[in-house]
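Have the structure open while you read.

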Amino acid sequence: MKVTVVGAGNVGATCADVLAYREIANEVVLVDIKEGFAEGKALDIWQKAPINLYDTRTVGVTNDYSRTADSDVVVITSGLPRKPGMTRDDLISTNAGIVKSVTENIVKYSPNAIIIVVSNPLDVMTYAAHMTSKFPRNRVMGMAGILDTARYRAFLAEELNVSPKDIQAVLMGGHGDTMVPLPRYTTVGGIPVTELIAEDKLNAIIERTKSGGGELVKLMGTSAWYAPGSAAAQMVEAIVRDQRRVFPVCVKLEGEYGIDGVYLGVPVILGKNGIEKVIELQLNDEEKQLLETSRGHVKEVMDALDKMSASA
């Protein structure tokens, strides 16, 4: 098994490190445009192998996609990170160009790969990669739901003073302020979360989750990387090991939830073919309305990208 991670910045390097440490692939190739950057990160991760006892080989290359040939899975993390005061949508024009170029190289050298997009704005960059690759929708997806649910579950674990291992949750919609957390589908050791926490505290956690990325940007002056990189690696693991895990993943909807042609986070089964199945939940009226709001926002940004492409 061979996995390529494009972008050797904080998120990409973390993803590669987790993939190596957990021995998810035989070889992990890191690619970056900055001379020597990917090579250095890959070498550092490889030199850790005798300490942490793994044998995944990590290799770094500068802009040489021939070295990525025949990758089973490719993770795209390249693009500018957010700075304080920026929204994810502010990154659209720059990062769309980068994602398009990267995807063209992936298609050229790994025509059977499954693509996982991490670049922001996530939902629209997944759209850009899907349109460029022309792959079937089960092989192009965005990583956001796992990260968002992880933040939500971490905050709940802190509030309830329980292990985060015992918290299960589903979020839907776009990655950002219009995401749709679903308390009805949130459990702690199988117990509905609404039985364990007051409504006002739960709502406060939901709001904190929605702006979870922004909170970290304010604290550090740049985007998060440990949790996003680990979330992408978890998706790779589900695919490579055909685990058929149920995760919220960004995918092009084709009629599910009454939505067509928009890229949104929904629960799916993830296995060796990528998205094996889109799971359609029975949403109540309030949840449907929140999802519709999220759909509208993502569609606006998709339209903005289309206009930029048309005038380019």
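Just past the end of α1, Glu23 has a positive phi of about 50 degrees. Keep in mind that this is a predicted model.

**Helix α1**
- α1 covers residues 10-21, twelve in total, and runs 16 Å from first C-alpha to last, close to the 16 Å expected at 1.5 Å a residue.
- Most of this helix is covered up, with nine of its twelve residues buried.
- The buried set is Val11, Gly12, Ala13, Thr14, Cys15, Ala16, Val18, Leu19 and Ala20.
- Who does the covering? The elements over the buried residues of α1 include the strands β1 (2-6), β2 (27-32), β3 (57-62) and β4 (73-76), plus the helices α2 (37-47) and α9 (226-240).

- β12 pairs with β13 (residues 260-271) in the antiparallel sense, over nine bridges.

**Largest pocket**
- The volume here is about 840 Å³.
- Its lining counts 43 residues, and Thr77, Ser78, Gly79, Leu80 and Pro81 lie nearest the centre.
- Elements giving two or more lining residues are α1, β2, α2, α4 (92-109), α6 and α8 (212-220).
- α4 is the top contributor, giving five residues.
- By class, the lining splits into 20 nonpolar, 17 polar and six charged residues.

**Second largest pocket**
- This one holds about 480 Å³ of space.
- There are 23 lining residues, with Ile146, Arg153, Gln234, Arg245 and Phe247 nearest the centre.
- α6, α9 and β12 each give two or more residues to this lining.
- The largest share, six residues, comes from α9.

**Cavity**
- How many cavities of 30 Å³ or more are there? The count comes to one.
- About 70 Å³ of space lies in the largest cavity.
- Its lining has 13 residues, of which Gly145, Asp148, Met172, Gly173 and Gly265 lie nearest the centre.
- Two or more of the lining residues come from each of α6 (145-160), β8 (171-172) and β12 (245-254).
- Sorted by class, the cavity lining has six nonpolar, five polar and two charged residues.

Methods
Residues are numbered from 1 along each chain as its sequence is written. This is a predicted model: local features need pLDDT of at least 70, side-chain atom pairs count only at pLDDT 80 or more; totals for chains, interfaces and linings use all residues. Side-chain values use heavy atoms; hydrogens and water are left out. Helices (H or I, at least four residues) and strands (E, at least two) are DSSP runs, numbered from the N terminus. The expected span of a helix is 1.5 Å times one less than its number of residues. Buried means under 20% relative accessible area, exposed over 50%, partly exposed in between (1.4 Å probe, protein chains only). Contact means heavy atoms within 4.5 Å. On a 1 Å grid over the protein atoms alone, a cavity is a set of points where a 1.4 Å probe fits but cannot get out, and a pocket is an open set with protein on both sides within 12 Å along at least five of seven lines; lining residues have an atom within 4 Å of a point. Grid points are joined across faces, edges and corners, and a volume is the space filled by probe spheres set on the points. Ala, Val, Leu, Ile, Met, Phe, Trp, Tyr, Cys and Pro count as nonpolar, Asp, Glu, Lys and Arg as charged, and the others, Gly among them, as polar. Two strands pair if DSSP finds at least two bridges between them.
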